[in-house]
Amino acid sequence: MKQEQDDELKKRLNMETSKLRWTELQRHYAGGNVVAVGDDLDLIEVAVSVARDDTESVRKWMADGRLARVGDIQAAAWLQADVELWAVVIKPWVLVQRVQRVQGLH
C-alpha cells in the first residue's frame with residue numbers, strides 16, 4: 001500500500017514540476033523557502049521524502065551537503081547567470097535543482 005501511495009505521489013509531483021528561471025523564484029528565496037537539491041539526487045525522490053517527512057533521509061542529505069537552503073552567495077550567482085532550475089513545491093518549501101545540459105545539445 002505504501003509503495004502504491006509513493007508511486008501516486010511521484011506521478012503527481014512529476015506533473016507539478018516545472019522549469020523556472022531563478023528570477024521567478026526570488027520571492028520564495030526572500031521568504032527563506034528555497035532548498036537546493038544536489039545534482040546527484042533525483043528531485044522527485046527527494047520531494048517524496050520531504051512530503052513523507054522522512055527525516056532520516058533528509059538529515060543524511062543535509063549532513064552530506066546534498067540538500068540545503070539556498071544561501072546568499074548561491075542566489076547571487078544564480079541571478080547573475082540567469083540559471084534555469086527544475087522546481088517543485090512541497091509546502092512550505094520550493095525544492096530546486098539545476099537543469100542538466102546534455103553535452104552537445106543546446
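**Ground rules**

Residues are numbered from 1 along each chain as its sequence is written. The model is predicted, so local features need pLDDT of at least 70 and side-chain atom pairs count only at pLDDT 80 or more, while totals for chains, interfaces and linings use all residues; side-chain values use heavy atoms, without hydrogens and water.

**Stop 1: colour by confidence**

Colour the chain by pLDDT, the predictor's confidence in each residue, from 0 to 100. The chain average is 92. At least 70 is reached by 94% of the residues. Now select residues 102-106. Here the pLDDT is below 50. Beyond near neighbours in sequence, the stretch has 0 contacts in the model (a contact means heavy atoms within 4.5 Å).

**Stop 2: the salt bridges**

How many salt bridges does a search of the whole structure find? There are 7. The criterion is a side-chain nitrogen of Lys or Arg within 4 Å of a carboxyl oxygen of Asp or Glu.

**Stop 3: Glu 45 and Lys 10**

Select Glu 45 and Lys 10. They form a salt bridge, with the closest N and O atoms 2.9 Å apart. This pair links distant parts of the chain: Glu 45 sits in helix α3 (residues 43-51) and Lys 10 in helix α1 (residues 2-16), 35 residues apart. Helices (H or I, at least four residues) and strands (E, at least two) are DSSP runs, numbered from the N terminus. Glu 45 is partly exposed at 36% relative accessible area. Lys 10 is also partly exposed, at 23%. On this scale, buried means under 20% relative accessible area, exposed over 50%, and partly exposed in between (1.4 Å probe, protein chains only).

**Stop 4: Arg 12 and Glu 16**

Stay in helix α1 and select Arg 12 with Glu 16. Their closest N and O atoms are 3.1 Å apart, in a salt bridge. Because they are 4 residues apart in the helix, about one helical turn separates Arg 12 from Glu 16. Arg 12 is partly exposed at 42%, and Glu 16 is partly exposed at 41%.

**Stop 5: Asp 82 and Arg 21**

Next, select Asp 82 and Arg 21. The salt bridge here has its closest N and O atoms 4.0 Å apart. Asp 82 lies in the loop between α5 (72-81) and β4 (84-90), Arg 21 in strand β1 (residues 18-21), and 61 residues separate them. Both are partly exposed: Asp 82 at 37%, Arg 21 at 32%.

**Stop 6: a network**

Finally, select Asp 40, Lys 60, Asp 64 and Arg 66. Salt bridges with shared partners join these residues into one network.
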